[in-house]
Every structure is written in C-alpha cells, then in structure tokens.
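Good morning, and thank you for coming. I shall begin with the surroundings of one residue and then turn to the chains. Please look at the structure as I go.

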Amino acid sequence: MTKRQNSLLSNLYIFVVMAFLYVPILVMIVYSFNTSKSRGAFLGFTTKWYLELFQNESILSALANTLIVAVVSSVIATLLGTAAAIGIRAMKKRNRDLIMNFTYLPVMSPEIVMGVSLMLLFVLFRIDFSLFTVIAAHITFNVPYIILSVMPKLRQMDQHLYEAAMDLGCTPFQAFIKVMLPEIMPGIITGFLIAFTFSLDDFNISYFVSGERAQTLPVLIYSMTRKRVSPEINALSAIIFLVVLTVLILTNVNDVRKEKQMQKGGRRG
Amino acid sequence: MKAKIAAAPYLLWAALFIVIPMGLVGYYAVTDANGAFTLDNFAQGMHFAPVIGSSVWLAIIATALCLLIAYPLAYLISRKSFNHQRTLVLLVMLPMWMNFLLRTYAWMTLLENNGVTNRLLGLIGLGPYEMINTQGAVILGMVYNYLPFMILPLYSVMTKIEPFLMEAASDLGCSPGEALRRVVLPLSMPGIATGITMVFVPSVSTFVISVMLGGGSFMLIGDLIEMQFLGNAYNPHLGAALSLVLMMILLICMALTDMFSNPEEKEGLLL
C-alpha cells in the first residue's frame with residue numbers, strides 16, 4: 001500500500017467514527033424543527049418547540065435547580081478537597097496511601113451504588129429529599145476529583161518554598177496565600193471545572209436523592225423520555241449542544257492564543 | 001506540622017457520606033425487614049443469576065467493541081500533526097458534554113420501528129427491521145455513550161509514544177505490523193486498562209440504557225437494583241445485596257485490569 005492510500009484510509013476511518021458520534025446528535029437537531037410530534041416523519045419546519053421549552057415551567061425550574069446544585073456543590077467540594085489534599089500531603093506515607101486509596105473508592109465504584117447508599121442514609125435519618133440532599137450527594141462524588149487534581153500539583157511543588165517563606169517572616173497563613181496557593185492554583189481550577197461539569201451532568205446519583213421537588217434537569221429529562229414522546233427534548237438538546245460547542249471553541253481559541261504568546265515570549269527570552 | 005488538620009473536614013465528610021452509607025448497604029444486605037441477621041437476600045439474589053450474567057456479558061461485548069473501534073482511532077489521531085490532534089480530541093470530547101440521556105434519546109429516534117433508519121431503508125425497499133428493544137440496541141447504546149471513555153485514555157498514552165521508536169523498530173527489521181505489536185501495544189497497556197475500566201463500570205451498572213433502548217425487556221443488574229429502591233418491587237434489603245454483588249463484579253474487573261497499570265499513572269489518566 002502506498003503512503004497516500006494509507007493516509008486516505010486512516011482519514012476515512014476517523015471520518016466514519018466521527019460520523020457515528022455525531023449523526024445522532026445532528027438528527028436530533030434537525031428534528032427539533034419538525035412540525036410533527038412523531039419522531040418518524042419530517043413534516044415541516046417550525047420553531048414552536050423552542051418557544052414551548054421556554055414556557056415550560058418544570059423545565060425552567062429544573063434548570064435553576066441544576067445550576068444552583070452545580071455552583072454550590074462544586075464550590076464547597078473545591079474548598080473541602082483543596083484543604084484535604086494539603087492535609088493528606090502532610091501525613092506520613094502509610095496514612096497518606098491509605099487515605100488516597102480510600103479516596104479512589106467513590107471514583108471507581110458504580111454511581112448507582114453511591115446513589116442507593118446515600119438514599120438509604122437520608123431515608124433512615126428521615127431527611128426529606130430536597131436541594132440539600134442533592135447538594136450533599138454532589139459534594140460527596142465531587143471531592144475526590146478535586147483531591148486527585150490538586151495532589152499532583154502539591155507533589156510537583158518545591159516543599160522548601162513554603163518553609164523559606166516562613167523563615168522570611170511569613171505567618172503560615174501568609175505563606176499559604178502567597179506561596180502555596182499560586183503554585184497549586186491550576187490544579188484547583190481544573191478540579192473545580194471537572195466537579196462543575198460532573199455536577200451539571202449527573203443523573204445516576206441525583207435520581208436517587210432528588211425526590212419529586214428537587215429534580216435536576218437530567219432527572220426531569222429522564223421522566224420526560226419515559227412518559228411520552230416530547231419534541232421539546234430535541235430542542236433542549238440542540239440548545240445544550242450549541243452552548244457546549246461555543247464554550248469549547250472559546251476556551252480552545254483562548255488556549256491557542258496563550259500558547260502563541262508563550263512561544264513568542266520564549267523566543268525573545 | 002499542623003497541616004494535617006486541613007484534611008479533617010474531608011475525613012469527617014467522607015465518614016458521614018461514604019463510610020456510613022456504605023455500612024448501611026452492608027447492614028441492609030444481611031438483615032431482613034425486622035432487622036434480624038439473614039443471608040436470604042443473597043440467596044434471593046441468586047434467582048437473578050441470569051440477569052447478572054447477561055449484564056456482565058453485554059458489558060463485556062460493549063467494552064470489547066469500544067476497544068476495537070477506539071484503538072485504531074486513538075493511534076491514528078496520535079500520529080496527526082499537533083493542531084489536528086487538538087481538534088480531533090475536542091471532537092471526541094464534545095458529545096461527552098451532552099447528557100447521556102439526550103444521546104440515548106437520539107438513538108430512540110433513529111432506531112424506532114417507524115424511525116429515521118427504517119424510513120431511509122424503506123426508500124430503497126428494505127425493512128422495516130425491528131431494531132429498538134433488542135439486545136443489539138442496548139449494546140449500541142453502551143458503545144455510543146462510553147466510546148469517548150475508551151478513546152481518551154488510549155490517545156493520552158499513544159501520543160506519548162515517540163515516532164522514532166517506530167522508526168527504530170523498522171530499522172531493526174520489524175514489519176509495520178510487528179512494530180505495532182511489539183512497540184505500540186506494550187506501551188499502550190496502561191491506557192487499555194484504564195479504558196476497559198472506564199467503559200465496563202458504567203456499562204455493567206447502567207439502569208437507563210436498558211430501559212430506553214431495550215424497552216424494559218432486557219433487564220440488567222442496574223435495573224434490578226433500581227426497582228428494589230424506587231420501583232414497585234420495593235425491597236431495599238435485596239437491593240443492597242445486589243449492590244454488593246455488583247461491587248464484587250467490579251472489584252474482579254479492576255483486579256484484572258490493575259495488573260497492567262500502577263496507581264501513579266492512573267491518576268494522570270483519569271483527569
């Protein structure tokens with residue numbers, strides 16, 4: 001096989017897999033403009049599902065719930081997780097390994113088990129399902145991701161910097177703010193973003209702890225797909241896809257720009 | 001150093017929301033409705049052995065298909081120029097940010113008896129085929145939803161394999177196929193291990209894909225558990241026992257894949 005045929009074949013393969021990933025999403029977007037309520041035939045163009053979506057109060061309140069839960073839980077998880085990473089780092093190796101292995105547990109165990117275990121806890125202690133139970137559950141599955149993304153930054157950091165700052169007259173708190181925090185900030189931000197997106201996206205755990213009143217968007221979507229065919233879901237998907245696409249393109253363009261600046265700076269230096 | 005204290009709030013939180021709840025699952029699994037010790041729940045769970053077996057089997061097929069599709073793709077992406085790599089990886093990740101319920105719903109539109117695929121096939125005189133509510137549809141749903149989880153860890157190990165290693169292998173007399181088998185394959189083992197766990201775990205424990213694409217006719221262990229807690233068959237004791245069985249299955253899976261990778265590497269691959 002010649003080199004050209006080879007690269008043609010490889011591009012074809014990439015194209016086929018990408019088509020597999022994107023055709024369902026594209027079909028859904030097309031059908032969000034379908035006049036007919038049925039999922040089969042495309043009868044004509046309309047934007048009424050988008051209008052209905054924005055008038056559907058249960059969807060809007062679920063959206064609000066989702067955002068509240070995501071913001072509150074990822075902020076609290078970030079605080080808890082960053083402190084935990086610093087504390088665990090200061091421990092003896094044996095304890096550290098023990099706790100880190102334990103931290104992996106929720107990451108590796110199936111979400112449904114965490115969901116039912118938290119459900120049992122809330123039911124047993126007669127805590128009614130509300131936004132609080134959902135937030136508590138989200139914090140629980142988010143903290144490990146913060147620890148796991150802050151820990152490598154702590155490991156890379158020169159331990160002596162912190163001590164040097166204290167030798168030079170910083171209080172431990174000042175040394176933390178001025179020396180340690182800037183070093184581990186990238187890890188904290190990555191962790192926060194992971195936690196935030198996981199929280200927005202979570203269904204498997206929220207489903208067991210949200211009850212009727214604190215439904216998040218994914219939980220509502222599930223009940224919509226079960227009850228009837230609802231073209232509003234298509235419209236919702238189209239909007240979400242567009243939002244995600246925009247955010248990704250913006251962050252990516254930003255990354256590229258930063259890199260170019262760094263390259264320029266590198267050449268000068 | 002007093003810095004250790006910083007971990008206290010997390011440990012307290014984990015005790016309250018991880019240790020106690022997991023303890024409750026264990027407690028419920030070995031007690032009956034009156035709180036007396038019993039192993040009945042596990043015995044009852046064994047009645048569902050076929051369901052458990054088919055969950056594991058479907059998840060294995062889905063994981064194998066993901067590996068088959070993702071391995072060449074990850075390799076091909078990793079040999080592209082830097083800018084192309086970035087774009088392609090972004091394209092792989094983009095669907096992951098759409099909720100998996102929406103992605104599964106999209107397949108309902110495509111596979112229904114009077115859905116898009118059957119209509120297209122009808123135009124050329126084929127079908128209609130019964131596609132939704134089959135095992136194939138459930139596997140398809142798993143592969144579609146979790147394929148990126150396989151591609152990304154594979155890509156992240158393969159992009160670190162230097163092209164000169166391949167050149168060296170061919171200089172030393174390897175055919176391209178041999179170079180792939182003897183250089184790329186061993187170096188990509190940690191990625192394979194991570195990918196397998198990341199696809200197998202959600203596949204074997206799903207309780208949604210089976211309902212949406214299997215029409216409830218193919219019950220998986222996840223559906224069984226869900227029914228015991230939120231469904232008509234309310235029986236948290238049996239549900240807890242089944243949860244423990246599910247955990248055991250996953251521990252076995254992880255022990256098998258763990259032979260390929262060490263924890264330090266795992267940390268980098270997960271994120």
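Predicted model: local features only at pLDDT ≥ 70, side-chain atom pairs only at ≥ 80, totals over all residues.

Setting aside residues up to four places away in sequence, A:Leu154 touches A:Ala85, A:Ile86, A:Arg89 and A:Ile184. A:Leu154 itself belongs to helix 6 of chain A.

Let me now move to the interface. Here, 61 residues of chain A are in contact with 62 residues of chain B. On the chain A side, the elements that contribute two or more residues include helix 1 (3-31), helix 6 (131-156) and helix 11 (231-268). Which element of chain A supplies the largest share of that side? It is helix 1 of chain A, with 11 residues. By residue class, the side of chain A that touches chain B comprises 46 nonpolar, 13 polar and 2 charged residues.

Finally, chain B. This chain has 14 helices and 0 strands. Its C-alpha atoms occupy a box of roughly 75 × 70 × 30 Å along the principal axes. Of its 271 residues, 44% count as buried. Among the contacts in chain B with a separation of 6 or more, 71% are between residues 24 or more positions apart.

How values were computed:
Residues numbered from 1 in each chain as written. Chains lettered and ligands numbered in written order. Contact = placed C-beta atoms within 7 Å. Helix = DSSP H or I, 4+ residues; strand = E, 2+ residues; numbered from the N terminus. Nonpolar A, V, L, I, M, F, W, Y, C, P; charged D, E, K, R; others polar. Buried ≥ 20, exposed ≤ 12 C-beta atoms within 10 Å, placed from the backbone.
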